[in-house]
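Trainee: Please show me how to read a few features of a structure, one at a time.

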Amino acid sequence: MDPEQHEQMEYAQRRIRQKKRLYLHFVVFLVGSVFLILINKILKYGEAYDWYLWGILAWAFLLAIHAVNVFVTNRFMGRDWERAQRERLVRKQQKRIAALEAEIRASRPLPESTGKVEPPKKKDP
């Protein structure tokens with residue numbers, strides 16, 4: 001498998017995991033909403049006020065954010081966006097490294113090399 005196919009497989013697996021988690025979140029939301037309603041209405045916990053509506057509304061908002069993240073944000077900031085950002089950051093880092101190397105060379109020039117390798121000097125005992 002060539003690197004391009006491997007990258008496509010990883011991307012597909014990541015998208016499948018994201019969607020699977022979203023669907024699981026939706027199912028848990030439905031079960032949890034029914035549970036909140038049962039607690040409030042059937043078990044009469046805090047029956048003077050319909051607090052379950054606020055809980056369901058807050059949870060629905062979080063579910064909506066999750067769905068936007070999976071279906072909208074990921075589409076605009078998907079694999080191509082990640083690649084472009086990675087390449088931009090690598091270029092920026094290379095420019096910084098080149099600037100630092102130039103600064104080091106300017107502040108401390110290396111001695112000229114004659115090409116001959118001298119043996120290490122022996123110390124007298």
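Trainee: What lies 2.8 Å from the backbone oxygen of Val 70?

Mentor: A polar contact is a pair of N or O atoms within 3.5 Å; within protein, one must be able to donate a hydrogen and the other to accept it, and residues adjacent in sequence count only if both atoms are side-chain atoms. Here a polar atom of the Arg 15 side chain lies 2.8 Å from the backbone oxygen of Val 70. This is a predicted model, in which local features need pLDDT of at least 70, side-chain atom pairs count only at pLDDT 80 or more, and totals for chains, interfaces and linings use all residues. Residues are numbered from 1 along each chain as its sequence is written, and side-chain values use heavy atoms, with hydrogens and water left out.

Trainee: Is Arg 15 buried or exposed?

Mentor: Buried means under 20% relative accessible area, exposed over 50%, partly exposed in between (1.4 Å probe, protein chains only). Arg 15 counts as buried because its relative accessibility is 15%.

Trainee: Which residues is Arg 15 in contact with, leaving aside its neighbours within four places in sequence?

Mentor: Contact means heavy atoms within 4.5 Å. With those neighbours left aside, Arg 15 touches Val 70 and Asn 74.

Trainee: Which residues make up the largest nonpolar core?

Mentor: Such a core is a set of buried Ala, Val, Leu, Ile, Met, Phe, Trp, Tyr and Cys residues joined through side-chain atoms within 4.5 Å. In this model the largest one has 7 residues: Leu 22, Phe 29, Leu 36, Tyr 52, Ile 56, Leu 63 and Val 70. Leaving aside neighbours within four places in sequence, Leu 36 is in contact with Trp 51, Tyr 52, Gly 55 and Ile 56.
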